[in-house]
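Colleague: Could you take a close look at one part of this model for me, the charged side chains and what surrounds them? I would like the cut-offs spelled out as you go.

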Amino acid sequence: QVHLAESGGGSVHAGGSLKLSCAYTYSWDFMGWFRQTPGKEREGVAVIAYDGRTKYADSVRGRFTISKDNAKNLLYLQMTNLRPEDTAEYYCAAGCPWDIWPRTDHGTYWGQGTQVTVSS
């Protein structure tokens, strides 16, 4: 059974940093982070492949870093220089297809989400 559990969300001021973690029970070839705000579609933030390749949304490139520790079964998202527009519910995803990212398909598994709030 696939289980993804995010943690690390919280409230920070603009310019601050947060590190999200996602504990997983099974290491997928492609895992990523998405975010969503009320009334908007879910947005791909970053994805990491089994060999360490990464992709980032233009809006976060240079500020966010995705990484994975297979020994600890943890996926991370280090977020720096946070902006109010980064405020969203952040979701860990497993099995998100590399070739169509930031889109996903029905085979993607999702965590329950963790809230990130950035105040100006």
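**The surroundings of R35**

Modeller: The side chain of R35 is in polar contact with the side chain of D86, at 2.9 Å, where a polar contact is a pair of N or O atoms within 3.5 Å, one of which, within protein, must be able to donate a hydrogen and the other to accept it, with residues adjacent in sequence counted only if both atoms are side-chain atoms. This is a predicted model, in which local features need pLDDT of at least 70 and side-chain atom pairs count only at pLDDT 80 or more, while totals for chains, interfaces and linings use all residues. Residues are numbered from 1 along each chain as its sequence is written, and side-chain values use heavy atoms, with hydrogens and water left out.

The R35 side chain also makes a polar contact with the side chain of Y90, again given as 2.9 Å. R35 is placed in strand 4, strands being DSSP runs of E with at least two residues, and helices runs of H or I with at least four, numbered from the N terminus. With a relative accessible area of 6%, R35 is buried; buried stands for under 20% relative accessible area, exposed for over 50% and partly exposed for the range in between, using a 1.4 Å probe and protein chains only. When residues up to four places away in sequence are not counted, R35 touches E41, R42, E43, V45, S59, V60, F64, E85, D86, A88, E89 and Y90, contact meaning heavy atoms within 4.5 Å.

D86 is buried as well, at a relative accessible area of 1%, and its side chain meets that of R63 in a salt bridge of 2.7 Å, N to O; a salt bridge requires a side-chain nitrogen of Lys or Arg within 4 Å of a carboxyl oxygen of Asp or Glu. This pair links distant parts of the chain, with R63 in the loop between strand 6 and strand 7 and D86 in the loop between strand 8 and strand 9, 23 residues apart. R63 is buried, its relative accessible area being 7%. R35, E43, R63 and D86 are linked in a network of salt bridges.

A search of the whole structure finds five salt bridges. Among them is the one between R53 and D51, whose closest N and O atoms are 2.9 Å apart; R53 counts as partly exposed at 35% relative accessibility, and D51 counts as partly exposed at 44%. R61 forms another with D58, the closest N and O atoms being 2.6 Å apart, and here R61 is partly exposed at 47% whereas D58 is exposed at 67%.

Of the 26 residues in the largest nonpolar core, W33, L75, L77, M79 and Y90 touch the most other members, a nonpolar core being a set of buried Ala, Val, Leu, Ile, Met, Phe, Trp, Tyr and Cys residues joined through side-chain atoms within 4.5 Å. At least two residues of this core come from each of strand 3 (18-24), strand 4 (30-36), strand 5 (43-49), strand 7 (64-69), strand 8 (74-79), strand 9 (88-94) and strand 11 (114-119). A second, separate core of eight residues includes F30, F34, W98 and W101. In soluble globular proteins, nonpolar side chains tend to be buried together.

R42, one of the residues touched by R35, lies over the face of W110 at 3.7 Å from the ring centre, and the charged end of K19 sits over the ring of Y76, 4.4 Å from its centre; the rule asks for NZ of Lys or CZ of Arg within 6 Å of the ring centre and within 35 degrees of the ring normal. R42 is also touched by T104, a residue in the loop between strand 9 and strand 10 (109-110) that counts as partly exposed at 28% relative accessibility.
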